[in-house]
Structure formats: structure tokens, C-alpha cells
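Subject: Structure handover

Hello,

Here is the structure we discussed. Please look it over before reading my notes.

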Amino acid sequence: MTSRVDYFVTGTDTNVGKTLVSAALIRSLASHGLKVAGMKPVAAGAEVRDGTLWNEDVALLSGEANVSLPTHVIAPYLFKEAAAPHVAAALEDQHINPATIYTAFEQIRAQTEAVIVEGVGGFCVPLTPQTDMADIAARLQLDVILVVGLRLGCLNHALLTAEAIAARGLRLAAWVVNQIDPAMPHQAANIEALRERLSAPCLGSLPWMPVPSAALAVDTLDFSQLPHWPR
Ligand SMILES: Nc1ncnc2c1ncn2[C@@H]1O[C@H](COP(=O)(O)OP(=O)(O)OP(=O)(O)O)[C@@H](O)[C@H]1O
Ligand SMILES: [Mg+2]
């Protein structure tokens with residue numbers, strides 16, 4: 001029996017490249033011939049298109065997947081307002097039920113060999129008064145890939161996130177640098193500081209891209225360092 005290749009992708013913050021890296025992971029797994037899908041358990045920020053809710057992350061992840069699944073399975077909680085999830089949910093008189101997310105995840109697992117789950121915002125974003133995004137990753141027992149958006153403040157965010165991942169009993173499988181701020185000085189020294197402090201491997205450093213592309217990210221990152229990655 002071959003091992004599944006399931007990962008939870010988190011980031012040092014919102015808007016740091018989680019979707020770009022998740023899309024690249026899905027694209028690469030598909031190119032290896034695995035049946036793969038993405039999941040965005042909670043997405044905040046959607047518009048109505050052709051009578052249904054459309055969210056950019058869901059579209060980008062689905063665009064790379066080779067297993068077609070309904071949106072309500074890929075993204076069981078899709079809210080219109082681009083706000084903190086519990087706030088966006090409340091605006092629609094909804095609340096997030098983690099059990100719904102677990103059921104959707106099992107549905108996806110049943111039809112795939114690999115699932116890439118993208119978190120919302122950073123690792124500990126609250127979902128309900130009792131649950132945060134980290135609880136979801138822990139309940140799904142997923143190894144974590146951390147996207148570090150390279151900008152001032154990211155060292156603290158990255159190290160706090162690594163501590164939080166360990167505190168939930170999860171494994172940081174790898175981390176990725178994303179050069180989201182091309183003007184940031186001392187980039188190499190910042191990356192070096194993380195290399196010295198994070199025990200997981202770094203899969204590479206994504207340059208700032210005038211036109212961000214999952215294909216370019218696949219060419220740049222070394223996913224073969226991930227456990228269970230197809231050869
Ligand atoms: N290396 C890069 N070069 C240029 N633009 C980038 C790069 N990485 C990401 N971007 C752009 O920055 C924005 C945020 O990236 P992305 O959507 O992947 O972040 P995210 O962490 O998934 O955000 P969210 O928290 O909203 O899910 C997007 O418009 C994306 O195209
Ligand atoms: Mg995203």
C-alpha cells in the first residue's frame with residue numbers, strides 16, 4: 001500500500017503565499033500521477049458568480065486538482081465577507097461546525113491519494129469560541145508545511161508558529177520562503193536565522209514574481225524533501 005500524501009499548509013500570516021504554495025503542491029502531485037485535490041475548509045471573501053459563491057483560493061486550488069469535487073466539499077464554509085472567519089460567519093447568521101469540516105475531508109480522502117488543505121490566515125485563527133484552525137489540523141492529523149512571507153516581523157511569526165505546531169502535537173514537515181516584499185533588506189540573513197532555528201527542511205525560496213504562477217513555484221521548490229513524496 002502506498003502512503004497518502006496529505007498536508008496542511010499554514011503561513012506566518014494572511015496573504016503570504018499559502019494558496020500559491022498549495023497550488024504548486026497540488027500541481028506537482030498531479031504531475032506525478034496521483035489523484036489529488038485541494039481543500040479550503042474555511043474561506044472568507046467570496047462573490048456571487050453565475051449564481052454561486054466564488055472564492056479565488058478555491059478556484060486556484062481546484063484549477064490544479066485532477067479530482068473534481070463539489071465546492072461545498074472543497075470549501076464547506078465559504079463566507080462573503082473578507083474578515084476573520086467567526087466574524088464573517090456571524091454576518092451570515094452562521095457558525096462553523098468542525099464536524100462538517102471533518103466529514104468533508106473524509107469525503108475528499110475517499111476519492112483521492114493526496115489532499116492539500118490550506119488554512120485560513122495564520123495557524124491559530126479562531127473559528128468558534130472553542131475551536132481554532134490549529135485544532136482542525138490536529139484533528140485531521142496532518143503534517144504541516146509553513147509558508148514564511150519574507151518581511152519584517154516574519155522571524156517572530158515563523159518561530160511562534162513552529163512552537164504552536166509542536167504544542168498541538170503536530171509535525172512541521174517543511175517550510176518555504178516566499179519573497180513577497182522584493183524591497184526587504186537583509187533577506188539572506190533572515191532566511192539564515194530561520195535555518196538555524198527550524199529543524200524542518202526548507203523547500204526553497206520563491207522569488208517575487210511579476211505574474212505569480214504555480215508552475216514557476218513547482219520549478220523553484222524541492223518537494224522531494226517531503227516525507228512520502230512520490231518519486
Ligand atoms: N512570490 C510572489 N511574488 C509575487 N506575488 C506573490 C508571490 N506570492 C504570492 N503573491 C501574491 O500575493 C497575494 C497573496 O498570495 P496568496 O493568495 O497565495 O496568499 P495566502 O497566504 O494564501 O492568502 P490568504 O490568507 O488570503 O489565503 C496573491 O495575489 C498572490 O498572487
Ligand atoms: Mg490563500
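Predicted model: local features only at pLDDT ≥ 70, side-chain atom pairs only at ≥ 80, totals over all residues.

Residues are numbered from 1 along each chain as its sequence is written, while chains are lettered from A and ligands numbered from 1 in the order in which they are written.

The sheet

It is open, with 6 strands in the order β2-β7-β1-β8-β9-β10 and parallel pairing. The edges are β2 (36-39) and β10 (202-206); each has a single partner strand, so one side of each lacks a neighbour in the sheet. From one strand to the next, the twist averages 20 degrees. Helices (H or I, at least four residues) and strands (E, at least two) are DSSP runs, numbered from the N terminus. Two strands pair if DSSP finds at least two bridges between them.

- β1 (residues 5-11) and β7 (residues 114-118) share 5 bridges, in the parallel sense. F8 has V117 of β7 as its bridge partner.
- β1 and β8 are parallel too, over 5 bridges.
- β8 and β9 pair in the parallel sense over 6 bridges. I145 has its bridge partner, A174, in β9.

β8 is mostly covered, with 6 of its 7 residues buried. Buried means 20 or more other C-beta atoms within 10 Å of the residue's own, with C-beta atoms placed from the backbone.

Helix α7 (residues 154-167) packs on the sheet and touches β1, β8 (143-149) and β9 (172-178). Its direction makes about 170 degrees with that of β8. Angles run from 0 to 180 degrees between N-to-C directions, using axes fitted to C-alpha atoms. β8, α7 and β9 form a right-handed β-α-β unit: with the strands pointing away from the viewer, the path from the first strand over the helix to the second runs clockwise.

Ligand 1

It is surrounded by 17 residues (C-beta, placed from the backbone, within 6 Å). The closest are T14, K18, T19, L20 and P212. Helix α1 (residues 18-31) gives the most to this shell, with 3 residues.

A214

A214 lies in helix α9 (residues 214-220). It counts as buried because it has 21 C-beta neighbours inside 10 Å. Leaving aside neighbours within four places in sequence, A214 is in contact (C-beta atoms, placed from the backbone, within 7 Å) with L20, A23, A24, R27 and E64. The C-alpha atoms of A214 and I26 are separated by 9.1 Å, and these residues are 188 apart along the chain.

Best wishes

Technical notes. Contact = placed C-beta atoms within 7 Å. Buried ≥ 20, exposed ≤ 12 C-beta atoms within 10 Å, placed from the backbone.
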